[in-house]
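This report describes one protein model with a ligand. Please look over the sequence and the structure before reading on.

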Amino acid sequence: MNKATEFTCIEFGQDAGVAWLTLNRPDKLNAFTADMHLELQEALSQVQQSSDIRCLVITGAGRGFSAGQDLADLDMGGLGDVIEKHYNPLVRTITGLNIPVIACVNGVAAGAAANLALACDIVLAARSAKFIQSFHQLGLVPDGGGTWTLPRLIGLARATALCMTGEPVSAEKAEQWGMIWRCVDDDALQSETAELAHRLALKATTGLAFTKQLLRLSQTRTLDEQLNLERDYQQAASQTRDFAEGVDAFLNKRKPTFTGE
Ligand code: T3D
């Protein structure tokens with residue numbers, strides 16, 4: 001694993017086209033501080049600028065994914081500025097990245113961290129992990145895009161009850177509900193995530209980026225508008241080098257070598 005920059009609240013490294021970003025304040029269940037947000041911005045900027053990174057994994061150090069905002073590092077004068085400065089750019093950056101982003105949820109994901117995980121493209125969670133919308137116990141509203149993501153993933157009835165009660169959702173139930181992609185045994189989480197990430201990193205990255213954009217755009221488009229978008233994106237996808245490689249590999253009965261271009 002190649003680690004270029006030294007961070008204190010996160011770990012960031014890359015290995016064979018896959019970047020691993022680990023929230024790293026295990027004593028505080030990886031709760032977000034202002035310093036952690038700054039480091040996340042720097043790491044994500046490196047991901048955006050890299051042409052080698054073709055998949056990003058976000059996970060947590062120790063026994064949890066993250067407990068959300070560090071409640072000892074709050075601006076009690078009002079949280080709107082923190083949301084504007086830190087959480088909203090974080091979610092916008094992750095959902096806008098032109099590579100697949102996997103959340104590897106190794107333990108509890110609470111508050112903004114639960115919604116950060118759910119904003120990723122594919123969520124794998126350890127069987128012991130749970131997702132908690134903990135905002136209600138502080139008199140806050142769900143943030144990190146939770147009020148947008150949750151009803152779309154699990155429907156308004158479940159989303160409303162989860163946000164109002166804060167009832168934890170186990171990884172198994174999250175998979176049953178379609179809230180996440182897959183619940184895996186705790187001791188298999190790391191290897192299954194690595195296997196998936198490396199598989200994705202070898203795919204036609206531009207095609208995956210277009211797919212991600214189309215699926216997200218579909219949330220606010222009519223079928224008619226979406227059909228037009230698919231036409232335009234397919235036109236662009238069919239001009240990539242990877243498209244030519246995929247067709248040639250199929251016709252010549254060989255494995256394709258995609259470069260992401
Ligand atoms: O600034 C803004 O814009 C605000 C944005 C807000 C977005 C949000 O995320 S609001 C939601 C904030 N998060 C929470 O309310 C969750 C609080 N934590 C918990 O409810 C529990 O810790 C968990 C259910 C997540 C896990 O429980 P458990 O029993 O497994 O662990 P624990 O013993 O409670 O926590 C372990 C340590 O982490 C403990 O430290 P200590 O006492 O051993 O020194 C605990 O205080 C610390 N910790 C856990 N969560 C937070 C935290 N420290 C600071 N902030 C936390 N959120």
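Two residues are in contact when heavy atoms of the two lie within 4.5 Å. The model discussed here is predicted.

**Lys 212 and its surroundings**

Leaving aside neighbours within four places in sequence, Lys 212 is in contact with Ile 94, Thr 95, Leu 97, Ile 99, Val 101 and Asp 121. Lys 212 is part of helix α8, which covers residues 205-217. Is Lys 212 buried or exposed? Buried means under 20% relative accessible area. Lys 212 has 9% relative accessibility, and therefore it counts as buried. A polar atom of the Lys 212 side chain lies 3.2 Å from the backbone oxygen of Ile 94. Lys 212 and Asn 98 are 114 residues apart in sequence, yet their C-alpha atoms are 8.1 Å apart in space.

**The nonpolar cores**

In soluble globular proteins, nonpolar side chains tend to be buried together. The largest nonpolar core in this model has 50 residues. Which residues have the most contacts inside this core? They are Leu 21, Phe 32, Leu 56, Val 105 and Phe 131. Helix α3, residues 112-119, gives the most to this core, with six residues. A second, separate core has 14 residues, among them Val 18, Cys 104, Leu 196 and Ala 197.

Not counting residues up to four places away in sequence, Val 105 touches Phe 65, Ala 117, Val 123, Leu 124, Ala 125, Ala 126, Ala 129, Phe 131 and Leu 189.

**The ligand**

There are 24 residues around the ligand, and Lys 28, Arg 63, Ala 67, Gln 69 and Leu 71 come nearest. By class, this shell has 14 nonpolar, five polar and five charged residues. Helix α2, residues 80-96, gives the most to the shell, with three residues.

| Residue | Protein atom | Ligand atom | Distance |
|---|---|---|---|
| Lys 28 | side-chain N or O | oxygen | 2.7 Å |
| Gln 69 | backbone N or O | nitrogen | 2.8 Å |
| Ala 112 | backbone N or O | oxygen | 2.9 Å |

How much of the ligand does the protein bury? Taken alone, the ligand exposes 1,000 Å², and the protein buries 68% of that.

**The loop between β2 and α1**

Strand β2 covers residues 18-23 and helix α1 covers residues 34-49; Thr 33 is in the loop between them. With 10% relative accessibility, Thr 33 counts as buried, because buried means under 20%. The side chain of Thr 33 reaches the backbone nitrogen of Met 36 at 3.1 Å. Not counting residues up to four places away in sequence, Thr 33 touches Cys 9, Arg 25, Asp 70 and Asp 73.

Most residues other than glycine have a negative phi. The phi of Leu 29, however, is near 50°, a positive value. The phi of Asn 30 is near 55°, also a positive value in a residue other than glycine. Asn 30 has 0% relative accessibility and therefore counts as buried.

Where is Gly 111 placed? Gly 111 is in the loop between β6, residues 108-110, and helix α3. Its relative accessibility is 6%, so Gly 111 counts as buried. Not counting residues up to four places away in sequence, Gly 111 touches Ile 132, Ser 134 and Phe 135. The C-alpha atoms of Gly 111 and His 136 are separated by 9.4 Å, with the two residues 25 apart along the chain.

Val 91 is in helix α2. At 15% relative accessibility, Val 91 counts as buried. Leaving aside neighbours within four places in sequence, Val 91 is in contact with Ala 119 and Gly 144. Val 91 and Gly 145 are 54 residues apart in sequence, and their C-alpha atoms are 7.2 Å apart in space.

Key: Residues are numbered from 1 along each chain as its sequence is written. This is a predicted model: local features need pLDDT of at least 70, side-chain atom pairs count only at pLDDT 80 or more; totals for chains, interfaces and linings use all residues. Side-chain values use heavy atoms; hydrogens and water are left out. A nonpolar core is a set of buried Ala, Val, Leu, Ile, Met, Phe, Trp, Tyr and Cys residues joined through side-chain atoms within 4.5 Å. Buried means under 20% relative accessible area, exposed over 50%, partly exposed in between (1.4 Å probe, protein chains only). Helices (H or I, at least four residues) and strands (E, at least two) are DSSP runs, numbered from the N terminus. A residue is near a molecule or strand if one of its heavy atoms lies within 4 Å of it. A polar contact is a pair of N or O atoms within 3.5 Å; within protein, one must be able to donate a hydrogen and the other to accept it, and residues adjacent in sequence count only if both atoms are side-chain atoms. Accessible areas come from the Shrake-Rupley method with a 1.4 Å probe; for residues, only the protein chains shown count as cover. Ala, Val, Leu, Ile, Met, Phe, Trp, Tyr, Cys and Pro count as nonpolar, Asp, Glu, Lys and Arg as charged, and the others, Gly among them, as polar.
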